[in-house]
Every structure is written in structure tokens, then in C-alpha cells.
Amino acid sequence: MLRVDEVTNSEGFSNRFDAVVIGGGIVGVSTAYELARRGVSVALLEKGTIGGEQSGRNWGWVRQQNRDLYELPLAMQSLRRWSELSDELGEDIGFRMAGILYGTEHQSDVAQWEAWLARAREVGFNSEILTARELAARIPSGRAKWVGGLWSVTDGRAEPSKAAPAIARGAQRLGAKVYQNCAVRSLDTSAGRVSGIWTERGHIAADTVVLAGGAWSALFCQHHGIDLPAINVIGTALRTAEAPGVIDGCFSGPNFALRRRLDGGYTIAVPGYGRVELAPQNLRHSVKFRSMFRSKLNKKLKIRVGSSFFRGPEASATWCDDDISPFEETRVLDPQPDTEWLTRALQNVAGVFPELANLRIAHAWAGAIDTTPDLVPVISKVDAKPGLVIASGFSGHGFGLGPGAGILVSRLVMNETAQFDIQPYELGRFSNGSILRSPEMM
């Protein structure tokens with residue numbers, strides 16, 4: 001089991017709040033924190049432990065460049081928030097503005113970066129296209145046939161094991177209540193709108209409920225007749241023991257992603273590779289994911305039959321408010337890592353950085369990445385359930401986007417205007433006849 005920093009449960013169990021947040025990942029804790037900063041009484045409920053699932057299992061990249069252009073304004077807002085949080089919280093969340101560097105052996109990648117950057121500048125973001133010589137100067141030990149690179153000095157990295165727990169503790173200090181090992185079984189409704197939740201510890205009344213349940217959100221929505229098209233892609237990553245320094249921030253090279261850690265090791269993964277298990281939820285949404293499967297299935301996604309067909313967030317399940325729910329049956333989703341990807345990741349890194357040829361794996365893990373058909377998150381009120389806000393489907397980008405998403409969701413809860421156009425994030429795009437775009441620079 002992956003270890004994350006501890007959060008102590010709040011004392012007592014209050015039964016009335018202005019807002020309730022379901023899910024203790026980075027988006028949920030950031031939402032609770034921003035609401036508490038503004039004087040809203042808020043409870044944060046997590047079925048397991050804060051940051052125990054994907055928010056503690058991701059790569060730790062805090063990235064603006066190479067975002068889908070719909071996501072870029074949110075990524076820029078989030079980066080600003082990341083840079084403020086350690087001082088604001090009074091504890092180190094591991095954020096370092098150490099920059100993110102991409103390197104490629106293919107001219108087509110450089111052309112794609114140039115086209116993206118021209119549009120990103122219109123939004124107010126700028127990064128730097130590097131020649132092969134300029135890239136080699138930044139990573140002098142690199143052994144690849146570089147043709148170019150992409151560099152953002154304002155991007156950074158943070159520590160997944162620290163960030164969500166620290167933000168949750170910050171929310172507590174501002175008056176928020178945090179209840180771990182407390183699953184939310186269902187919504188409560190009254191007079192045609194959401195009026196609270198039913199938990200394994202009892203009822204909580206609330207004016208607004210925020211669903212930030214990550215891999216479990218689609219199952220929760222299905223229980224209430226809400227269609228949230230999302231599948232869970234199981235991604236694998238590893239951390240190494242202390243190793244020679246070849247970068248200070250993050251580097252994306254030929255079929256590997258590398259992040260320098262505070263402990264002197266690296267977090268390593270193979271970008272885009274993972275597995276999807278055949279299960280009722282995934283089969284139900286398969287038509288919406290047809291284009292994504294066609295583009296990635298043969299190269300990057302393994303399709304497997306696994307235990308998720310019978311148990312977990314993708315299984316077919318029904319339960320009552322006074323029954324044990326699937327969320328209690330699996331407190332922390334802890335998938336098995338894929339050994340093939342671990343081996344491939346280390347080989348790919350060693351092929352570029354010879355001094356990292358003998359890296360020792362300190363720990364390997366997997367996590368469930370809640371993924372939408374267009375790889376853009378859902379941050380949206382739900383017309384069919386007034387009083388419910390969904391913040392889910394971040395498609396592997398939730399860690400970097402989390403603090404910015406917390407601001408945006410808090411504005412939705414308080415019925416305020418967002419700082420930028422949020423129409424691309426609306427849930428209705430999947431059902432109102434909109435033509436979903438193919439995913440961009442992800």
C-alpha cells in the first residue's frame with residue numbers, strides 16, 4: 001500500500017453544513033480549503049484516507065505546457081495557486097518551480113509544439129522551443145538523437161504524498177471538518193433539489209454537495225440516474241532509491257517521464273500506457289470512447305478481464321442507504337502495477353541517461369485514472385440535481401489542476417462567475433449533441 005502523510009480526523013460528527021465535499025483527493029481537499037477560506041462551513045468526507053488513491057499515486061508534475069487549450073487557463077490558475085500554498089499553509093507540500101523539459105527525436109513533435117505554442121500565447125502562456133543543441137546543453141549526459149525540445153521555466157513539481165494531506169490539514173485549521181473512513185452512500189433530496197447526504201455514520205444536511213470522487217464518481221452518479229461517461233485507466237509508476245542527478249525538475253523523453261524527488265530519487269513512468277479492464281461501466285460507455293480506443297488501443301492500452309468486473313468502481317452495483325456500499329467494501333483502491341511497463345520505463349531511461357542504468361526500484365504502484373472521452377474534466381453543476389456539483393474525470397491531470405479546480409468549484413458553489421469560460425467542462429457536452437473534439441496536447 002502506498003504511504004501518504006497522515007491527516008487526523010476532526011472530532012465529533014456534525015450533521016449540518018453549508019457544503020459537503022465527497023472525496024479526499026487533491027480536487028476535493030482544494031475545494032474544501034477554498035470554501036473554508038471564504039467562511040463557508042464545509043465537511044470533507046473520504047471513504048478511505050486523504051490522498052490514498054490517485055492523488056497520492058500520480059507523477060507529481062505541475063504542468064501548464066502541452067495542456068489541451070481548454071485546460072490551459074485552469075492550469076495557469078492552478079500553477080499560481082501551487083506557488084502560494086506552502087507559505088499559506090505553513091508547511092512544505094513539495095512544490096518547486098523547477099521547470100519542465102521535453103525532448104524528442106521526431107521533427108513532427110517539434111512542429112506540433114510550435115503550433116500549440118502559437119495558440120497558447122493567445123491565452124497568455126509562453127514556453128520556449130529548443131534546438132537540438134540547446135536541449136543537449138540542458139541535459140549534457142543525454143544520449144539520444146535529439147531534434148528539439150520544449151522548456152517551461154514556470155512549470156514545476158510537487159510531492160503527491162504530501163500535497164493533499166497538507167491542504168486538508170489547512171482546511172481543518174480554517175474550520176472545515178474532515179471525516180476519513182466515512183463513505184457517502186447516497187444523496188438526500190428534498191423539494192426537487194439536493195439537501196444533503198447519507199453516510200455510513202448517518203445523515204448530513206447541506207445546501208450544496210460537491211462530488212470529487214475520482215475513479216468512484218461515475219458509479220456514484222449511476223446510482224442516482226446521472227450519466228457521467230468515464231472509464232478508469234490503470235496507470236503504473238515507480239520511485240527509485242537515491243540516484244545521480246540528471247535533472248532538477250521534470251523531463252519527458254522518448255517513451256518515459258522522469259521527476260526528481262525531494263528524497264533524491266526519481267518517479268518514473270511510461271506516458272500514456274496503461275490498462276482498461278472489461279467491466280459493466282466501461283462497456284456501457286464504450287461507444288463514447290470509440291475514437292480514443294482507436295487512436296491508442298493498439299499501442300498504449302491493454303484491455304483485460306479483471307476483478308473490477310465484479311467489484312470496485314466499474315462493477316455493476318446497487319445498494320440502499322442503509323446497506324454497506326461499494327465505497328465501504330473498497331476503502332482504498334490499490335491496483336496491481338504492470339511489471340512490463342516497469343521494465344520498459346527503466347530501459348527507456350537508461351537508453352538516454354547511462355548513469356541511471358542501474359536504478360533500484362524502491363517501490364512500484366498503480367492507480368486508477370478517471371478518464372473522459374475527450375480527456376477534459378467535468379466541472380459542472382447538474383441540471384437534473386440542483387445543489388450537486390461534479391468535479392471529476394480529470395483524466396490524469398487532476399494533481400496539477402487540483403488547486404485551480406478548487407477555486408473554480410468554490411465559485412460554482414457560491415454561484416459566482418468563473419474567471420474564464422467553463423463551457424468545455426460542462427457535463428451536458430456528453431448528452432446535448434455536441435461534437436466532442438479529439439484530445440489535444442495531453
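Tutor: Rings of Phe, Tyr and Trp (for Trp, its six-membered ring) pair if their centres lie within 6.5 Å; planes under 30 degrees apart count as stacked, over 60 as edge-to-face and the rest as tilted. By ring pairs of this kind, Trp59, Trp61, Tyr102 and Trp113 are linked into a cluster. The model is predicted, so local features need pLDDT of at least 70 and side-chain atom pairs count only at pLDDT 80 or more, while totals for chains, interfaces and linings use all residues. Residues are numbered from 1 along each chain as its sequence is written, and side-chain values use heavy atoms, with hydrogens and water left out.

The structure holds 15 aromatic pairs. One of them is formed by Trp82 and Phe95, which are stacked, at 6.0 Å centre to centre and with 25° between the planes. This pair links distant parts of the chain, 13 residues apart: Trp82 belongs to helix α2, and Phe95 to the loop between α2 and β4 (100-104). Here helices (H or I, at least four residues) and strands (E, at least two) are DSSP runs, numbered from the N terminus. Both Trp82 and Phe95 are buried, a term that means under 20% relative accessible area, with exposed over 50% and partly exposed in between (1.4 Å probe, protein chains only).

A further pair consists of Phe220 and Phe327; its ring centres are 6.0 Å apart and its planes stand at 50°, so the pair is tilted. Because Phe220 lies in helix α6 (residues 217-223) and Phe327 in helix α9 (residues 326-329), this pair ties together parts that are 107 residues apart in sequence. Phe220 counts as buried at 3% relative accessibility, and Phe327 is buried with a relative accessible area of 4%.

Charged side chains also meet aromatic rings. A charge sits over a ring if NZ of Lys or CZ of Arg is within 6 Å of the ring centre and within 35 degrees of the ring normal. Arg138 lies over the face of Trp151, 4.5 Å from the ring centre, and Lys302 over the face of Trp341, 4.7 Å from the ring centre.

Thr330, in the loop between α9 and α10 (339-352), counts as buried at 13% relative accessibility. Leaving aside residues up to four places away in sequence, Thr330 touches Lys47, Trp216 and Arg311, where contact means heavy atoms within 4.5 Å.
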